[in-house]
Amino acid sequence: MTIDPGLRRLVLRTLLAAFPGTAPPRWAVELVADGLAGHTLFGRNVVDPAQVAATTAALRQARPDVVVAIDEEGGDVTRLAHATGSPYPGNAALGAVGDVGLTRRVYQAIGAELAAAGVTLNLAPTVDVNSHDDNPIIGTRSFGADPVRVAAHAAAAVTGLQAAGVAACAKHFPGHGATVADSHHELPTVDVPLSVLRARDLPPFAAVIAADAKAVMTAHIRVPALTGPAPATFTSAVLVDLLRHEYGFTGAVVTDALEMKGAALAAGGVAPAAVRALAAGADLLCIGADIDEPALVEEVVAHVVAALGDGLLDLARVEQAAGRAAELAAWTRAAAPDETVATDLGYAAARRAVRVEGTLTDLGTPLVVQLVSSSTIAEGRVPWGLGPHVGGAEQLRVVATETDVPDLVERAGGRPIVLVGRHVHRLAEAPALVEALAAAHPVVLVEMGWPSPWRPAGVRAFVTTYGASHANGRAAAETLGLAG
C-alpha cells in the first residue's frame, strides 16, 4: 500500500532500529534523515572508541537529535568492551560492596565513556531484584536480592549515568528478577499478587523514577494479576495505570527488543508486536537486532499505519509516543556532562567485591581449570575467567560432563587445582565434579556467576567475584596471588 509520508515519518519517530557492520550503511543513515528516532549499537558495531565515535558522528550528520542507544551495563553485559570484557564490575559486585557512592562513580565513568563515543542512551541499569537463584537471564546483572539495597544502588546508577550526560533506561518493568525462564526464548510468568510486586519488585523502579530516570524499559513477562495472558509490554494496566499514574513516571517507555520470543510469539510477529506495544503505552520500540536491511522497519511502519487506518490504534497515542521520544532526544542534546572520572576505578571496585570463604594459603602455582559454560543472549560471547590475568599457572578449559576426576588429579600432580566457573550450581554434573575432585585433591572454587547458597563439600576455599567481567577476573587472580 501507499503510505502517507507524514504518517511514515510519525511512526519512524517511535522506532529504535539497528544495522550490521562497523559503519552505518546508507539505508540506516537515510532512515534517520527520514525521521527514525535512532539506532541501537551492538557488539558487532564496535571496534574501538574512535570507530564508535565516527559511527555516531555519521548518524548525527543525518539528524543532530538522533538517539544512539547501547546496552552497556558493565560486568557481564558490555558492548564497548565485548572483545576483552568490561573494565567495570557489574551490578551484583557493586551491590555486594554496598557503597552507593561507588556505584554512582562507576556508572558516571561508564557514562563518560559513552558520551565521548557519541552514545546518548544507555539501556541500563538493570534494576530487577534477583529473587530466584536459578534466574537464567538476570543473575549478576542485578544489584542483589534485597529490594531496599537494589533500590538504593539503582538510583545511584541512574544519577551517575545522567551526570555524564547520557540518559539512563532502567529495566525491566515491572521486574524480571523472579523468573526462571528467559524472555528471549519464551514468555516467562511471575504468578504473584500485586502486593508481592509492590514489596519486592517495584521499589527499585520507584527509586529510579525519583532519581529522574529519563527512560524505563518494559519486560516481556506475564504477571497474571496485572497482565492476564499477555506480556507486560502489551498491557496498559502496567505501562499506564501502574508506571505512569501510580508511580508518576513522565519519561519515555522503551520496549525490550520486540524480536524476543516473549513479545513476538505472543503477538504473531514483530510488526504486530509494535502495534500492541504502542497501544499499551510504549513510546520507543526496539526492533531489528539482527537485520541486514531496512525491510523490517518498513514492515513495522506499514503495520502501524494500517492499524491507524483500521481504528486499532489511536493517532493521538502515536503522536504522544513520538513526542516523548523527541523529549528524550532533546534532553541528551542539552545535557551538560561532568567528565571527571577516576582512573582504574572499575578494577578497584571489583577487588572490593571479592569474598573468600576458607583458606587460600600455600596455593603456589596451581593448575587453573575453567568450566565451560554458555552465555545468554544479553551477555553475548564475551571473554571471561582468569586467563589473561594469571602469570605462570597452567590453564585448561573443560566441560564438566566430559571431565574425568582421575585425569585432572594426574594432570595437577602436586599442584592444587583452582576451578573457575559461572553459576556452577546450574551446570550439568558440575557440582558432583567439584565435590568428587575436592575429595581427592586440594581444590579452590572460584564462582564468577550468581552465588547460590550451594557450597561444595571439601573445597579449601570458595571465592565469589559476583561477576565475570575483565575487572572481576583480575580481582580474582590478585586475591589468589596469581596475577602476573
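1. The buried residues of helix α13 are covered by elements that include α1 (5-12), β1 (15-17), α2 (26-34), α12 (270-280) and α14 (315-334). Helices (H or I, at least four residues) and strands (E, at least two) are DSSP runs, numbered from the N terminus, and contact means heavy atoms within 4.5 Å. The buried residues of α13 are Leu296, Val297, Val300, Val301, Val304, Val305, Ala307 and Leu308; buried means under 20% relative accessible area, exposed over 50%, and partly exposed in between (1.4 Å probe, protein chains only).

2. This is a predicted model, in which local features need pLDDT of at least 70 and side-chain atom pairs count only at pLDDT 80 or more, while totals for chains, interfaces and linings use all residues. Residues are numbered from 1 along each chain as its sequence is written, and side-chain values use heavy atoms, with hydrogens and water left out.

3. Helix α13 (residues 295-310) has 16 residues, which at 1.5 Å a residue should span 22 Å, and this agrees with the 22 Å between its end C-alpha atoms. The expected span is 1.5 Å times one less than the number of residues. Just after α13, Gly311 has a positive phi of about 80°.

4. The largest nonpolar core holds 100 residues, of which Leu15, Val297 and Val300 touch the most other members. Such a core is a set of buried Ala, Val, Leu, Ile, Met, Phe, Trp, Tyr and Cys residues joined through side-chain atoms within 4.5 Å. Leaving aside residues up to four places away in sequence, Val300 touches Leu15, Val270, Ala271, Ala274 and Ile287. Apart from this core lies another, of 23 residues, among them Leu360, Trp384, Leu386 and Ala393.

5. On a 1 Å grid over the protein atoms alone, a cavity is a set of points where a 1.4 Å probe fits but cannot get out, and lining residues have an atom within 4 Å of a point. Residues lining the largest cavity include Gly75, Asp76, Val382, Trp384 and Arg422.

6. Ala81 lies in the loop between β3 (67-70) and α4 (91-97). Ala81 counts as buried because its relative accessibility is 12%. Beyond residues up to four places away in sequence, Ala81 touches Ser86, Pro87 and Val382.

Methods. 1 Å grid on protein atoms, 1.4 Å probe; cavity = no way out; pocket = protein on both sides within 12 Å on 5 of 7 lines; lining within 4 Å.
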